[in-house]
Amino acid sequence: MRTSRKRLVAVITGAIVLGTLAVPATAAGAAARRAKLPKCALSALDKADKPVEIEFWTATNAANSDALDRITAQFNSSQSDVAVTIINQTTYDDALNKYIAGLGTGDLPDVVMIEDTGLQQMIDTQSILPAAACVKADDYDLSSHIERVVNYYTVDGTLYPMPFNVSNPVFLYNKLAFEEAGLDPDAPPETLDEIKEAAQTIVDAGITNSGFSLKLDPWYLEQFLAKAGEPYVNNGNGRDSRATEAEFDVKAGVEIFTWMQDMVDSDLAVTNAPDNFDNLFAIGEDNAAMTIDTSASLGSILAVLGGGQYPNVEIGVAPMPGPEGKGGVLVGGAALYISNKSSSAEQAAAWEYLKFLNTPDVQADWAASTGYIPIVEGATETQIIQDLWTELPFFKVAYDQLLSGAENEATAGPVIGDYQGVRDSVLEGFESLLTQGTKPKTALKNAKADADSKIQEYNSRVGA
Amino acid sequence: MTATLDASERPAEIDKPVNTRRRRKLREAGLGYSLLVPALIIFGIFIFYPFIKNFILATHQVPPFPGLPEKNVGLDQFGDVLGSRDFLDSLWITVLFALMTVPTGIALGLGLAILAHQKLKGIAIFRTIFSSTVATSVAVASVMFYTLFNPNIGLLKSISPTPPFLENPGWALIAIAIVTIWQNLGLSFILMSAGLQAIPDELVEAAQVDGAGPWSRFRNVTLPLLSPTVFFAVVVGTIFAFQTFGQIDILTEGGPLGKTKVLTYAIYEALRQPPPNPGKAAVLAIALFAITLVLTMFQMRFLERRVHYQR
């Protein structure tokens, strides 16, 4: 009842937005918002000469590439219809850049791995065969997928990519420092205030120079606000219709900024730039006892901090604390897009491959070899995951955390065209907040204004 | 057919000598132009066309993906981009960078040049060593310093306490400046050495005869005569500083916190960071072009005058 009314509201607002845009709107804007799904011609694969060769652009590092290569080789030898070739573009940025460049030159893959933040841009390229089209054509059952993950990649009711590698942020802390300071190492902080209290206790006891290691990553604000249950941008976090302005300058936003400033001003937190891992080394060097980072690099984090070089550290992993509210952490990682510039046989072949990657066994294998979250129900019951979770309970934290979050607009995550531009604006906000002593409310307001102009510039450039 | 015949025949009857001269001139011009054609084609493709295209892009709002319509926004984009904080920040960082690298580089180069300007045995070896950095590429210099600066394995780690140069927002630009100064030292040394050698010995000797000490000779004779070289080095060095790219791309990629994002890197990022924005990049490129143009004109103006200083 409630959802249908919400959808009706969405349809009406959508209609109004479309109506007002009708005159200036170009084909692009209208096409991006078109509700009708293109065709996913599954039968093309049967008619084609076998095997159909497809190219898959990935962006994975050493351990993860090995796992994906192995899984793909397994797929190639398990059947004779489809042959997948992996080309590793090594970073998410490069994969997206090359894909965009390929739109002009025609040098495109059949499947491409794109970071979570690239969703709106990929939709706007109009070069994507929505996974929803194949889901429909194939009668594919999405109900065994974690709903939060499917929701994250669904915009305006359409699932665009097939989810694959999913991660989220976790709280990392030094259990030994907690113990020495007289804190319970098995009861890590759950709220921002509790982080502050723990930091104060640890610093007062002289265990570490400061308590919390704060990476100046705008991603924190996104995650904290989702945890508070607040949408990041307007129009249903950009999911009902294209977002036109940021909405992070709310009470919860001010609370987060105030907390950050407070922590840094009272020397309870040390900061580092978002493009390095100093926040983790700070724990090793006894400069801090707590931080927040992605579960995707949990394997490497545990290897470095637990590798014997730092006998002063025993890492604990817990759900990410945050402002109080009805929310949860966001889905992070990347997803796989089928290009509609490929022939219909190649598109159908790509779909076969994506289905394979989403089978419980493959998801279990992938999660166990990388640290990503298994995203289909059956995967968690496999022996390999059960063994992993018994042996290294840390890896379960991110999974449980994702499942325990509320399901709403806020936790569905923001869809923004110029995602990086908005992040740059927030980063500038952090800077003025922490180095120039700008008031939290003012810093947030400036960041919002800056972000708004970036969102609107992008929208105007894609003709929406 | 008839028209061409008429045209070539009638003037031939009226004035023959003028016509042949003109014809020869025309033929020569034709030959000249046809010899220019290959160069023109290459220049056209690689310089003139991109140059014009750049101005066209700057006045257009270019969509991030092909297939979407472009919009002519006239000069609005210039206002938006050049008035933005991003641009002003980048410009300030670039100016800071020039201020850090140019004077220091010239002073060090001059110091080494004076040291090497002695008639000593084996001085050529020192001259070779001092000028050797000319032969290193930006990439090599960057990788060397990347290793030196590395907070875990770098040599500078033993000189404690070292800040983590490249990761620290307050130090990153200084670290890049150190690499640049080191790399440009060879060029600066060669320029200053050449300048010193161009100073007639008799002038210095005359000053010596007049009883001027070494410092006084340097201050009152050498330095003024060297000033055109110094001036040239300042202008060229500043232009180089404004075009610095390699070491930043290799060492910091504009970070941390955008503290090393000089203009060239901002242009690169406008094109690279998805969604790409060629229009914005074009405006930034024009801004950089304008700055370099002013510096060049400045140099030509003043240097031309200064060259005649001695006469």
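Q: How many disulfides does the structure hold over all chains?
A: A disulfide is a covalent bond between the sulfur atoms of two cysteines. In practice, you look for a pair of cysteine sulfur atoms within 2.5 Å. Here there's one disulfide over all chains. Before we go on: this is a predicted model, where local features need pLDDT of at least 70, side-chain atom pairs count only at pLDDT 80 or more, and totals for chains, interfaces and linings use all residues. Residues are numbered from 1 along each chain as its sequence is written, chains are lettered from A and ligands numbered from 1 in the order in which they are written, and side-chain values use heavy atoms, with hydrogens and water left out.

Q: Which residues does the disulfide join?
A: A:Cys40 and A:Cys134, with S to S at 2.1 Å. The torsion about their S-S bond is about 90°, so the disulfide is right-handed. A:Cys40 sits in the loop between helix H2 (27-32) and helix H3 (44-47) of chain A, while A:Cys134 is in helix H7 (residues 131-138) of chain A, so the pair ties together parts 94 residues apart in sequence. Helices (H or I, at least four residues) and strands (E, at least two) are DSSP runs, numbered from the N terminus.

Q: Is A:Cys134 buried or exposed?
A: Buried means under 20% relative accessible area, exposed over 50%, and partly exposed in between (1.4 Å probe, protein chains only). A:Cys134 is buried, at 0%, and A:Cys40 is buried too, at 7%.

Q: Which residues have the most contacts inside the largest nonpolar core?
A: Think of a nonpolar core as a set of buried Ala, Val, Leu, Ile, Met, Phe, Trp, Tyr and Cys residues joined through side-chain atoms within 4.5 Å. The largest one has 93 residues, and A:Ile54, A:Tyr337, A:Tyr353 and A:Leu357 have the most contacts inside it. Helix H16 (residues 344-357) of chain A gives the largest share, nine residues.

Q: Where are the cis peptide bonds, such as the one at A:Pro51?
A: Most residues other than glycine have a negative phi, and most peptide bonds are trans. A:Lys50 and A:Pro51 are joined by a cis one, with omega about -10°. A:Pro51 lies in the loop between H3 and strand S1 (52-58) of chain A. In chain B, the bond from B:Pro274 to B:Pro275 is cis as well, with omega near -5°.

Q: What is the phi of A:Asn237?
A: About 60°, a positive value, although A:Asn237 is not a glycine. A:Asn237 is in helix H12 (residues 234-238) of chain A and counts as buried, at 0% relative accessibility.
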